[in-house]
Amino acid sequence: MLNSGSFGLSPKSVIDKKIECIQDFESYGDNYVRQSLLRQTEDSIEAVAKLLDVRPDQCVIVDNVTTGISNLLDTIVRPGDTILVNSWTYGSVKMAASLSSEVMTNRNSDETDVKPSSVQVVELDIELPIKSEEDIIEQVRKTLEQRSDIRIAILDHITSSTACLMPVQQLTKLCRSRGVLVVIDGAHAIGQVPELDIESIGADFYVGNLHKWCFAPKSAALLWARADRIDSLRPSVVSWLVRDPLTSMRFAFLGTRDTSSVCAVSEAVRFVKQSCGGLARIQAYCSRLADKASQHLATAWNSHKLPIPANMEAPFMRLIALPKHLQCREILDMTNEYRMTFKTLYTSASPARLLLIWTIFGSWLTSS
């Protein structure tokens, strides 16, 4: 089964480029690291920046959104900060925020000398049904009014668990009007959101995967910073280029590791443009596919989609209630166990009764 929602997939030309990079590294490591790696990293960043119409000097490539957001929190969280997340925030991102709030280690002391952190995490419990974008905006507004101490907000562009396209531009404007620093989790956005304009969103940081919906090999993600935030970007792993004047180079060499996916990103962008006819063509096709598949399943199951307006449905993803005959105790127990393990809330009203449908170019689900 093709699962672009979780992992993505890459065409043969991109995999061939990745393999070529691996072979170059294995056959002549010194030349690869000292010459090819940095050049190909720059090529990939420039290709993605041109595709998304952003400045290359505001971009770095990291392994994935989980890595990028964890790196950001390591850098920007300060003692006394309060971080805003919500019930639809991706599990690992929520865990990263929570970990920031647990302890603060005094690195100048013994390892056992751990001081309690004053960092707090506030979780907004999103209420259903959602009738308009204003419903979400109002819920966030109320939370900011109740908690004036919030300094950092982590906002999803597209929620993973509920396939909801959030009004990130309006939410960012709301947060920044109150002096709140905004980090956008765009794990599903690059390649899926039509006419994505990262700059106009107005966030401080934006992190989006390239391997989910943009055909890059696993794993590669874009980490973008607003112009006045570029200097704050530092990799959590300190290596030789950590003080390089070029932000992208600070992340390019983090010790000996497999960088073939980074170097193959430029080929993925070429595939999108030349083989697929551009992002707009892919997006139009996949959106129609998701509409058709979700309506087919909802009708066949005598079921319904998540109660959100059509303009807030993710272009390639839908959440559909399972038919009643599949809402058995075994499935409920299994899903509840999963939710307890990963601390993920799928719906406030009916846990374990919703199915997330992910579509991908050339594939869709039919009923048995």
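A49 is buried in the predicted model, with a relative accessible area of 1%, where buried means under 20% relative accessible area, exposed over 50% and partly exposed in between, as computed with a 1.4 Å probe and protein chains only. The residue lies in helix 2, helices being DSSP runs of H or I with at least four residues and strands DSSP runs of E with at least two, both numbered from the N terminus. When neighbours within four places in sequence are left aside, A49 is in contact with V54, R55, P56 and C59, contact meaning heavy atoms within 4.5 Å. The C-alpha atoms of A49 and V60, which are eleven residues apart along the chain, are separated by 9.8 Å.

The structure is a predicted model, in which local features need pLDDT of at least 70 and side-chain atom pairs count only at pLDDT 80 or more, whereas totals for chains, interfaces and linings use all residues. Residues are numbered from 1 along each chain as its sequence is written, and side-chain values use heavy atoms, with hydrogens and water left out.

The protein contains twelve helices and eleven strands, and 51% of its 368 residues count as buried. Of the contacts with a separation of 6 or more, 71% are between residues 24 or more positions apart. The accessible surface comes to about 17700 Å², of which 51% belongs to carbon and sulfur atoms; these areas come from the Shrake-Rupley method with a 1.4 Å probe, and for residues only the protein chains shown count as cover.

Strand 7 (residues 181-185) has five of its five residues buried, so it is largely enclosed by the rest of the structure. Both of its faces are covered, with L181, V183 and D185 buried on one side and V182 and I184 on the other. Strand 7 pairs in the parallel sense with strand 6 (residues 150-156) over five bridges and, likewise in the parallel sense, with strand 8 (residues 205-209) over three bridges, pairing being assigned if DSSP finds at least two bridges between two strands. I184 is the bridge partner of L155, and Y206 in strand 8 is the bridge partner of I184. Together with helix 6 (residues 168-177), strands 6 and 7 make a right-handed β-α-β unit.

Helix 5 (residues 133-146) comprises 14 residues and reaches 20 Å from its first C-alpha to its last, close to the 20 Å expected at 1.5 Å a residue. Its buried residues are I136, I137, Q139, V140, T143 and L144. They cover an arc of only 160° around the axis, which puts them on the same side of helix 5, whereas E145 and Q146 on the other side are exposed. The buried residues pack against strand 2 (82-86), strand 5 (120-124), strand 6 and helix 6.

In helix 1 (residues 12-27), V14, K17, K18 and C21 are buried. Seen down the helix axis, the buried residues fall within an arc of 100°, so they line one face of helix 1, the arc being that of the directions from the helix axis to the C-beta atoms. The face turned away from this buried side carries the exposed residues K12, Q23, E26 and S27. The packing partners of the buried residues of helix 1 are helix 2 (29-52), helix 9 (260-263) and helix 10 (265-275). In helix 9 lies S261, which is buried with a relative accessible area of 5%. Not counting residues up to four places away in sequence, S261 touches K18, P217, K218, S219 and A220.

Terms used:
A crossover is right-handed if, with the strands pointing away from the viewer, the path from the first strand over the helix to the second runs clockwise. The expected span of a helix is 1.5 Å times one less than its number of residues.
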